[in-house]
Amino acid sequence: MSRITWVMFGVLFCSGVLATGDVRGDSFVTVDVPGAASTVVNALNDRLDAVGTYVVGATSHAFIRLGDGAIDAFDVAGSTSTYGQGINNNGVVVGYFDAGLGSYGYERAVDGTITTFVVPGAVSTFGYAVNNLGQIAGTYSLNGVLDFHGFIRAADGGFATFDVPGASWTYAQGINDLGQVSGFYFDGLAFHGFIRAADGSFTTFDVPQSASTFGSEINDAGLSVGYSVVSFFTSSGFVTIAAGFVRSPDGALGSYVVPGSSSTYLSGINNNGYLSGSFTLNGVTHGLIAVPEPAGLLMLSTGGLGVLALARRRFRRRL
């Protein structure tokens, strides 16, 4: 069996084991920043303004893509690389940047003003998501290597930190207006998804038969997204592929795979059910904004299904 055949078999296997609802619609828009070697769309708000990261040479830059398709690139002054990670309905963007020996969080206002922040005592701080109340969720490291914890930054600048019970590392990736935080953690053997309720309690989950599960953003309806990976052996060695997933509040999972891609990663979901992320095709990573097809929505809860179905009807008219 050729390597290409093995890879295609792996893609089919991965998307098949993820969930009963296999989503492979053609309702998606590819996002590529002109001149970039790769582009990733990390989040989008309810107006379909998106934020992401693109790479030119060895340097990463942040960008905002407005609902009309216009792209505005930016960097934190003095940074060696800047990453765009989250955006709320007010147009506030959060992310992180590299400078010197560490990474630091930032918040970018609508007028372009950038404020940086660091978790007290941390060597590195990574801002990942911001809700409409101005709360920011992210990850920090005390020593910079193999030491990661979650944080919530209040609108007034105060920090609350947390870890998934029993986790070696905790990565906070999303936060909704209800104060629910989503992300993933490492237990020493594999990565697993989690949802942290506003009261501090945790729900953990795994995509069935996957090697690791990486949770990302969560919307106000409790729908969350992320991706899982599987690895398999070929004549050329191990191949690892990823497939995106959508998880409903009741725990039901559905996969999302861009047709023809070798890997698909979901990183964001807005309150209208639009998805954001990236996919790899012929070795190149492209950003995506998408809505699942109706067949793939059957595994979702009734509330989530209604939101996503409405979003799909509006999709082609707005992008």
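S124 lies in strand 11 (residues 124-130); strands (E, at least two residues) and helices (H or I, at least four) are DSSP runs, numbered from the N terminus. The model is predicted: local features need pLDDT of at least 70, side-chain atom pairs count only at pLDDT 80 or more, and totals for chains, interfaces and linings use all residues. Residues are numbered from 1 along each chain as its sequence is written, and side-chain values use heavy atoms, with hydrogens and water left out.

S124 counts as buried because its relative accessibility is 8%. Buried means under 20% relative accessible area, exposed means over 50%, and partly exposed lies in between (1.4 Å probe, protein chains only). The side chain of S124 reaches the backbone nitrogen of S103 at 3.4 Å. Contact in the wider sense means heavy atoms within 4.5 Å. Leaving aside neighbours within four places in sequence, S124 is in contact with G102, S103, T139, Y140 and S141.

Salt bridges were examined next. A salt bridge is a side-chain nitrogen of Lys or Arg within 4 Å of a carboxyl oxygen of Asp or Glu. The count by this rule is 3. In one of them, the side chains of R47 and D49 meet, at 2.9 Å from N to O. D49 is buried, at 9% relative accessible area. R47 is partly exposed, at 43%.

R108 forms a salt bridge with D72, and their closest N and O atoms are 3.6 Å apart. This pair links distant parts of the chain: R108 sits in strand 9 (residues 102-108) and D72 in strand 6 (residues 71-74), 36 residues apart. R108 is buried, with a relative accessible area of 11%. D72 is partly exposed, at 37%.

R153 forms a salt bridge with E107, again with the closest N and O atoms 3.6 Å apart. Here too the pair links distant parts of the chain, with R153 in strand 13 (residues 149-153) and E107 in strand 9, 46 residues apart. R153 counts as buried because its relative accessibility is 13%. E107, at 22%, counts as partly exposed.

Strands of a sheet pair through backbone hydrogen bonds, either parallel or antiparallel. Two strands are taken to pair if DSSP finds at least two bridges between them. An open sheet of 4 strands has the order 15-16-17-18, with antiparallel pairing. Strand 15 and strand 18 (202-205) are the edge strands, and each pairs on one side only.

Within this sheet, strand 16 (residues 181-186) is mostly covered, with 6 of its 6 residues buried. V181, G183 and Y185 point one way. S182, F184 and F186 point the other way.

Strand 15 (residues 169-175) pairs with strand 16 in the antiparallel sense over 6 bridges. G174 stands opposite S182, and Y171 has F184 as its bridge partner. The two strands form a hairpin with 5 residues between them, and G179 in the turn has a positive phi of about 85°.

Strand 16 also pairs with strand 17 (residues 191-196), antiparallel and over 6 bridges. F184 stands opposite G193 in strand 17. This hairpin has 4 residues between its strands, and G188 in the turn has a positive phi of about 100°.

Conventions
A polar contact is a pair of N or O atoms within 3.5 Å; within protein, one must be able to donate a hydrogen and the other to accept it, and residues adjacent in sequence count only if both atoms are side-chain atoms.
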